[in-house]
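This report covers one protein chain. It takes helix packing first, then the overall fold, the surface and the charged pairs.

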Amino acid sequence: MSQAFHADSADLVVKEVLSWELFGTASRELAQHIADSDFEPEIVIAVARGGLLPAGSLSYALGLKLADAINVEFYTDVHETLPDPVLLAPMLDTESIKGKRLLVVDDVADSGRTLALVLDLLRDMGADARSAVLYAKSASVVSPDFVWRRTDEWIVFPWSAEPPVTPASASA
């Protein structure tokens with residue numbers, strides 16, 4: 001099993017910390033913002049990995065059964081990225097989204113380059129794609145359609161706050 005890199009932000013003094021409890025509040029408030037808009041999504045698309053939990057939460061809060069994910073790699077460490085976002089297999093079934101109203105969900109629009117890549121891809125496939133994020137940063141090249149909170153600090157999400165678990169030692 002290959003391990004994904006864990007960004008350790010323990011040395012950062014100033015950061016935004018999202019707890020599990022606040023994540024629940026954020027999800028409901030973001031869902032309400034979407035429900036109050038004139039956009040009625042048919043399918044929720046998570047930008048994996050960071051957008052998986054927010055997308056699942058929003059799909060339940062909005063009463064949407066249809067959901068899928070698109071895999072993108074960009075961050076390699078705290079404040080370190082690849083030169084460009086990269087799509088990873090397995091690929092999204094883009095044939096089934098033509099003409100559909102999609103809500104593309106990620107945890108944060110930091111540089112916005114990942115979100116731009118995904119939105120451009122889906123729109124090029126004929127979908128009406130809008131975006132929702134928990135956090136947006138001022139440097140983002142994309143202005144998400146729906147945002148819960150804005151910050152320019154590093155964000156610690158509850159699902160990535162701890163390093164991955166490893167097999168327990170064989171001590172008896």
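## Helix 1: one buried face

The model is predicted. In helix 1, F23, A26, S27, L30, A31 and I34 are buried. Viewed down the helix axis, these residues fall within an arc of 130°, so they line one face. An α-helix has 3.6 residues a turn, so positions three or four places apart point the same way.

The face turned away from the buried side carries E21 and R28, both exposed. On the buried side, helix 1 packs against helix 2 (52-61), strand 5 (101-109), strand 6 (128-136) and strand 7 (146-150). The length of the helix also checks out. Helix 1 has 16 residues (20-35), which at 1.5 Å a residue should span 22 Å; the end C-alpha atoms are 23 Å apart, so the two agree.

Helix 2 buries P54, A55, L58 and S59. Seen down the axis, they lie within an arc of 130°, so helix 2 also has its buried residues along one face. Their packing partners are helix 1, strand 2 (43-48), strand 5 and strand 6.

After helix 2 comes G63. The phi angle of G63 is positive, near 70°.

## Overall fold

The chain holds three helices and eight strands. Along the sequence they follow the pattern β-α-β-α-β-β-β-α-β-β-β. How much of the chain is buried? Of its 172 residues, 40% are.

Contacts reach across the sequence. Among those with a separation of 6 or more, 70% join residues 24 or more positions apart.

## Surface

The chain exposes about 9800 Å². Carbon and sulfur atoms supply 52% of that area.

Which residues form a nonpolar patch on the surface? They are W20, L52 and L53, with about 290 Å² of accessible area together. L53 belongs to helix 2.

## Salt bridges

The count of salt bridges comes to four. In one, the side chains of R149 and E16 meet at 3.1 Å, N to O. This pair links distant parts of the chain: R149 is in strand 7 and E16 in strand 1 (residues 15-17), 133 residues apart. R149 has a relative accessible area of 33% and is partly exposed. E16 is at 17%, so it is buried, given that the class covers values under 20%.

K137 and D110 form another salt bridge, at 3.5 Å, N to O.

R130 is partly exposed, with a relative accessible area of 26%. D128 is partly exposed too, at 29% relative accessibility.

Notes: Residues numbered from 1 in each chain as written. Predicted model: local features only at pLDDT ≥ 70, side-chain atom pairs only at ≥ 80, totals over all residues. Heavy atoms only, no water. Helix = DSSP H or I, 4+ residues; strand = E, 2+ residues; numbered from the N terminus. Expected span 1.5 Å × (residues − 1). Buried < 20%, exposed > 50% of the residue type's maximum accessible area, 1.4 Å probe, protein only. Arc of directions from axis to C-beta. Contact = heavy atoms within 4.5 Å. Areas by Shrake-Rupley, 256 points an atom, 1.4 Å probe, with all protein chains shown as cover. Patch = residues over 30% accessible without salt bridge, like charges linked within 9 Å, V, L, I, M, F, W, Y side chains within 5 Å.
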